[in-house]
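User: Hello! Could you walk me through this model, one question at a time?

Analyst: Happy to. Let's look at it together.

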Amino acid sequence: MHGIPRKALTEEEQGASSLKSAKLRDLQSQVLHFHHNKIYTEEAIEISAKLLESNPEHYTGWNYRKLAVQYRLDRRSEDGVDSESIQSILDEELRVVENALKKNFKSYGAWHHRKWVLSKGHSSTDRELRLLSKFQKLDSRNFHAWNYRRFITALKKIPDEEELQYTTDMIYDNFSNYSAWHNRSVLLSNLMEKGGKQYDKENVLGEEYEFVRNALFTDPDDQSGWFYHLWLLDQTLKQEPVFLSSWPPNGSNLYLSLDGRLKGQQSLPILHFQSKARKFPLVLYFSEAVEGVSSSTVTVEYQDGDSLLWTPLSANNFGFSQAWLTYLKFPDEVPSSEALPVKVTIAHFPGITSSKGMPCSQSCHISFSVCVTSDDQEHSEVQSSHRISWKEENFKARATQSLEANLLHSFSKLEITKENKPSTPKWSMEIISTEIAHCRELLSSTNCKIGKLTLARLLMAHKTLISYGIPDDGTEVHYEDILALYQDLMKMDPAHICYYEDGYTLVLLKQLTSNIESLLKHCDRYQESSSPSTNPYLCVRLNGLSLSRIGSTEHLLWVQMLDLSHNELRSIEGLETLQLLSCLKLSHNRLCSFTSLEPLKKLKYLEVLDISHNEIGAHSIDTRRYLCSSPLTHAVGGDWYFQKFVDGDVKLNNHWDAYLLFKDLNLVQLEMIGNAVGDERFKAFLLKLMPELKWLDGEKCR
C-alpha cells in the first residue's frame with residue numbers, strides 16, 4: 001500500500017515466503033503446461049483456480065480459464081444440456097473471481113474476467129450490484145469497482161439520472177472520492193449529449209460549478225474537487241475548431257524567387273520566399289488539433305489547380321494536428337511580372353473534426369497573390385557559400401518602421417472574422433468571470449497551490465476567449481498576474497517545477513505575441529555589412545527568456561530566422577509548424593539528445609542550425625532516445641544505410657539517433673561545439689552524411 005514502509009522479514013517469515021513461492025511456481029508450471037497442450041479437464045481447471053486465487057495477477061491463467069470455459073460451454077451446447085448446467089459453469093467462474101478479488105481488490109485480470117463471464121448472460125446483474133455495494137463500502141474510491149459498475153448499469157439499463165443521484169450520495173458521504181467525481185463527469189457528458197431542457201449545457205454547468213464549490217471551500221487542499229472543476233472548465237470552453245492563421249497570410253503578396261534576390265526590391269519590406277523548384281509551403285493553423293484536412297474539405301484555386309496532398313504537422317498517434325501543410329508549385333512558363341491569384345476555402349465541405357469530436361462547420365476564405373521572379377545563377381552561388389554569423393553587430397536596426405510594422409502585423413494576426421468566429425456562447429464568458437471571482441475570494445484566505453493553478457487556468461481561458469473575438473465583460477485580467485501565479489507555484493511546489501515552467505513559458509509567449517507592439521520588441525533585421533546585397537532576414541529573437549517549451553506558433557508561421565538561445569528548452573516540439581525556418585539558433589539550452597531535435601526533420605528549408613553548448617551526449621541514460629525508432633530494431637524499413645557513413649572508429653549503436661536526424665536535413669552550416677558528442681570521428685561521420693554541409697563549428701569544411 002502507498003505510504004507504508006517495508007520492514008525486513010524475520011527468518012520465519014522468509015521461510016514461509018519461500019514455501020509459498022515454491023507452491024506458486026509449481027502451480028504456474030502446471031497451468032502453463034495445460035494451456036500449451038489445450039488440456040481442459042476438471043482437475044486442470046481446479047489447479048488454475050488455485051493459482052488465480054493465490055495470484056490474481058497471472059494474466060495467462062485468466063486467459064486459460066476463458067478458453068477452458070468456452071470449451072466446456074461448447075461441449076454442453078453440442079450435447080444439448082439444459083441451461084442449469086451452463087449456469088453452474090458460469091457461477092463457478094464468478095466464485096473464482098470473487099475469491100481472487102478478496103485477495104487483490106485491484107486486480108485488472110480478475111475484473112476483466114468477471115466482465116467476460118457476465119457478457120455470456122445467464123448471470124444476475126442484481127447480485128452483481130449487491131456485491132459491488134459490499135466492495136465499495138470497503139473502498140469507495142476504487143476505480144475498478146466504479147468501472148465495473150458502469151458496465152453493470154449498462155447491462156441492466158439503469159437510467160443515467162438514477163446513477164447521477166448515486167454519485168451525489170457518494171460525494172456527500174465523502175467529497176474526496178475521485179472516482180465518484182469522475183463517474184459524475186461521464187454521466188453528465190451522456191445526459192448533455194442527449195439534450196433536453198433539464199440537461200441544457202448552460203444550466204448543468206452552472207449547477208455543477210456551484211455543487212463542486214462547496215467541496216473546494218470546505219477543504220481547498222483536497223484535489224478531487226479541483227480535478228472535477230478542471231473538467232467543468234474544459235466543457236465550458238468546448239467549441240468548434242476554427243481556422244486561426246496561415247502562411248502565406250490572407251491578403252498578402254508573395255514574391256517567389258529562384259535565387260534569393262529581388263531586383264529593385266531590396267529596400268522594401270516584402271513577403272519573400274526562395275525556391276529553385278518554384279514551389280512554396282501553404283500552412284493552415286487551427287484553434288485545436290483536427291483531422292480530415294484534405295483536397296475534399298479544403299479547396300485551393302490557383303493556376304496549376306492540381307489536387308493537393310495535405311499532411312499533418314505535430315500529429316498525434318491518431319492523425320490530429322493543429323497545423324496542416326501542402327505545397328503549391330508554379331510551372332516554369334509563368335511570366336515573372338505577373339501576379340497570380342490564389343484562393344483557399346477552408347471547410348468547403350464537411351469533414352474537418354477536432355480531437356474532441358467537434359466539427360468545423362464554418363467555412364472561411366483566404367486569398368493572396370504570387371509573383372515569380374527571375375533567376376540569377378551567379379548571385380545564388382555566392383549566397384549559398386556565405387556563413388551566417390549570430391554576432392550582435394549583425395542585428396542592426398530593430399523593425400519598428402511603419403512599413404515593416406504593418407507588414408509584420410499582417411503576418412502574425414489571427415484570421416478571426418465574422419464568418420469563422422467561434423460559436424462560444426456569451427454565458428461561457430460569464431461563467432469564467434464568476435469562477436475567477438470565487439477563486440480569488442478563496443485564495444484571499446488560503447495559500448492553496450492547486451487553487452492558484454486553477455486561477456491561472458481561468459485567467460488564461462478568459463484571455464483566450466477575448467482573443468477569439470468574444471466581448472470582454474470587464475473582468476480585470478493581466479498576463480503579469482498569471483505569470484506571478486506560476487512563479488509562486490514554482491516556489492511552493494519545487495517537485496513539479498518543470499510543469500510550472502512549461503505553464504509559465506506558454507503564458508509568456510502568449511504575452512509576447514498578443515499584439516504587434518510586444519512582438520516588434522523581439523524583431524531585428526539581420527544583415528552583415530560585408531555580405532552580398534541580399535534581401536535581409538527579419539529575425540525573431542526570443543533568447544534569454546528562460547523558455548522551457550515552444551508555444552504560440554500560430555503567430556510565427558512567417559519566421560525564417562529564429563534565435564532561441566540561452567533558454568531552458570528540453571524539447572522543441574512545435575517548431576515543425578514554422579515551415580519557413582531557414583536559420584535556427586538553439587545554443588545554451590538543456591537539449592540532451594538528438595532525439596529531442598526530431599521536429600527539425602519536418603523543416604525542409606532549414607540550412608543553418610546552432611545546437612552548441614547543450615547537454616547532448618552528457619547523460620549516460622537518456623530515456624528520450626528510446627521514444628525514437630532505433631534502426632537496430634529494423635523499425636525504419638529499407639532506408640537504413642548507416643554502415644556506408646561510418647568507419648571502424650564510429651560505433652553504430654552510439655549514433656543511430658544522429659543518423660536518423662541528420663539524414664533528413666539539408667544543412668549548410670552546423671554548430672555543435674560544447675556538447676559531450678562532437679569528436680573528430682563524429683564530425684567526419686556528419687560530413688559524409690550531409691554532402692551539402694559547408695561550415696561545421698565555425699570552420700569551412702568544403
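Analyst: One cut-off first: angles under 35 degrees count as roughly parallel, over 145 as roughly antiparallel, 65 to 115 as roughly perpendicular and the rest as oblique. Please also keep in mind that this is a predicted model.

User: Into which classes do the residues of the contact of α1 with α2 divide?

Analyst: On the α1 side, the contact is made by L24, L27, Q28, Q30, V31 and F34. From α2 come A44, I47, S48, K50, L51 and S54. By class, the contact of α1 with α2 holds seven nonpolar, four polar and one charged.

User: Which parts does the pair of R72 and E42 tie together?

Analyst: Side chains of opposite charge can pair when their charged atoms come close. Here the side chains of R72 and E42 meet in a salt bridge, with 3.2 Å from N to O. R72 lies in helix α3 (residues 59-79) and E42 in helix α2, so the pair ties together parts that are 30 residues apart in sequence: α3 and α2.

User: And how many salt bridges does the structure hold?

Analyst: The pair of R72 and E42 counts as a salt bridge. For the structure, the number of salt bridges is 28.

User: How is α4 oriented to α5?

Analyst: The axes of helix α4 (residues 83-103) and helix α5 (residues 108-119) are 10 Å apart, and the packing angle is about 160°. That angle makes α4, relative to α5, roughly antiparallel.

User: Which residues of α5 make the contact with α4?

Analyst: The crossing of α4 and α5 is left-handed. From α4, the contact is made by L90, E93, L94, V97, E98, A100 and L101. By class, the contact of α4 with α5 has nine nonpolar, one polar and three charged residues. The α5 side is made by A110, W111, H113, R114, V117 and L118.

User: What about α14 and α15: how are they oriented to each other?

Analyst: Helix α14 (residues 426-443) and helix α15 (residues 449-467) have axes that come within 9 Å and cross at roughly 150°. α14 passes α15 in a left-handed crossing. The contact includes I432, I436 and L443 of α14, and L455, L458 and L465 of α15. Given the crossing angle, α14 and α15 are therefore roughly antiparallel.

User: Which residue in β8 stands opposite E301?

Analyst: Strand β8 (residues 339-346) and β5 run antiparallel and are joined by four bridges. In β8, the residue opposite E301 is K343.

User: And which residue in β7 is the bridge partner of L282?

Analyst: Strand β4 (residues 279-291) and strand β7 (residues 321-329) run antiparallel and are joined by eight bridges. Strand β6 (residues 311-313) also pairs with β7 in the antiparallel sense, over three bridges. For L282, the bridge partner in β7 is T326.

User: One last point on the backbone: which residues does a cis peptide bond join?

Analyst: Most residues other than glycine have a negative phi, and most peptide bonds are trans. P248 is found in the loop between β1 (243-247) and β2 (253-257). The cis peptide bond has an omega of about -5° and joins W247 and P248.

Definitions and conventions: Residues numbered from 1 in each chain as written. Predicted model: local features only at pLDDT ≥ 70, side-chain atom pairs only at ≥ 80, totals over all residues. Heavy atoms only, no water. Pairing = 2+ DSSP bridges. Helix = DSSP H or I, 4+ residues; strand = E, 2+ residues; numbered from the N terminus. Contact = heavy atoms within 4.5 Å. Nonpolar A, V, L, I, M, F, W, Y, C, P; charged D, E, K, R; others polar. Salt bridge = Lys/Arg side-chain N within 4 Å of Asp/Glu carboxyl O. Axes fitted to C-alpha atoms, helices over the stretch in contact; angles between N-to-C directions. Left-handed = near helix turned anticlockwise from the far one by under 90°.
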